[in-house]
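Take the stops in order, and look around at each one before moving on.

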Amino acid sequence: TLVETAIACTELGRALTPVPFATNVFAMEAIMRMGDGKQRKALLPGLLAGQHIAAFAALGPDVTEMAGHGRLTGACGPVLHGHVADFFVVPACVDG
């Protein structure tokens, strides 16, 4: 819940713990809300077990379609814990 997340953030901040907690929570929330079943099944277990680190890129680039797969193009600003991430969650919209 939001209250539990706030408590965890407070305690991690109090101890100045250098862990990618916030970026993992943001990425997991995006995957749970917007990801399809296949993405949830592939990505969430590793994040929840602490085996993987996800970086959430809050400002996503434009998306174009190629051969049925989305291809991200453009630039994204600084991404919290991007330097240690195993993968990135980038919000994007496809017209049509």
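This is a predicted model: local features need pLDDT of at least 70, side-chain atom pairs count only at pLDDT 80 or more; totals for chains, interfaces and linings use all residues.

Residues are numbered from 1 along each chain as its sequence is written, and side-chain values use heavy atoms, with hydrogens and water left out.

**The whole chain**

Colour the model by secondary structure, and you will find three helices and four strands in the chain; helices (H or I, at least four residues) and strands (E, at least two) are DSSP runs, numbered from the N terminus. Followed from the N terminus on, the elements run α-α-α-β-β-β-β. If you then turn to contacts, meaning heavy atoms within 4.5 Å, residues 24 or more positions apart account for 56% of those in the chain with a separation of 6 or more.

Select Arg14, which is found in helix 1 (residues 2-14). At 59% relative accessibility Arg14 counts as exposed, and its side chain is joined to that of Glu11 by a polar contact of 2.8 Å. A polar contact is a pair of N or O atoms within 3.5 Å; within protein, one must be able to donate a hydrogen and the other to accept it, and residues adjacent in sequence count only if both atoms are side-chain atoms.

Now move to Leu16, in the loop between helix 1 and helix 2. Leu16 counts as exposed at 71% relative accessibility, and it has a positive phi of about 50° although it is not a glycine. Most residues other than glycine have a negative phi.

**Inside helix 2**

Select Thr23, whose place is in helix 2 (residues 21-34). Is Thr23 buried or exposed? At 1% relative accessibility, Thr23 counts as buried. Show the residues around it: leaving aside neighbours within four places in sequence, Thr23 is in contact with Ala54, Ala55, Phe56, Leu80 and His81. For one of these, Leu80, the backbone oxygen lies 3.4 Å from a polar atom of the side chain of Thr23.

His81 is partly exposed, with a relative accessible area of 21%, and its phi is near 65°, a positive value in a residue other than glycine.

Return to helix 2 and select Asn24, which counts as buried at 12% relative accessibility. Apart from neighbours within four places in sequence, Asn24 is in contact with Leu47, His52, Ile53 and Ala54.

**Helix 2 against helix 3**

Two packed helices are described by the angle between their axes and the distance between the axes. Select helix 2 together with helix 3 (residues 37-48): their axes come within 10 Å and cross at roughly 155°, where axes are lines fitted to C-alpha atoms, for helices over the stretch in contact, and angles run from 0 to 180 degrees between N-to-C directions. Helix 2 and helix 3 are therefore roughly antiparallel to each other, since angles under 35 degrees count as roughly parallel, over 145 as roughly antiparallel, 65 to 115 as roughly perpendicular and the rest as oblique.

Which residues make the contact? Show Asn24, Met28, Ile31, Met32, Arg33 and Met34 on helix 2, and Gln39, Arg40, Leu43, Leu44, Leu47 and Leu48 on helix 3.

Within this group, select Met32 of helix 2, which is partly exposed, with a relative accessible area of 44%. Leaving aside neighbours within four places in sequence, Met32 is in contact with Arg40 and Leu44. Although Met32 and Leu44 are twelve residues apart along the chain, their C-alpha atoms are separated by 8.2 Å.

**Last stop**

Finish at Gly46, whose place is in helix 3. Gly46 is buried, with a relative accessible area of 7%, and, neighbours within four places in sequence set aside, Gly46 is in contact with Gln51 and His52. Keep His52 in view and go back to Asn24, which is also in contact with His52.

Conventions: Buried means under 20% relative accessible area, exposed over 50%, partly exposed in between (1.4 Å probe, protein chains only).
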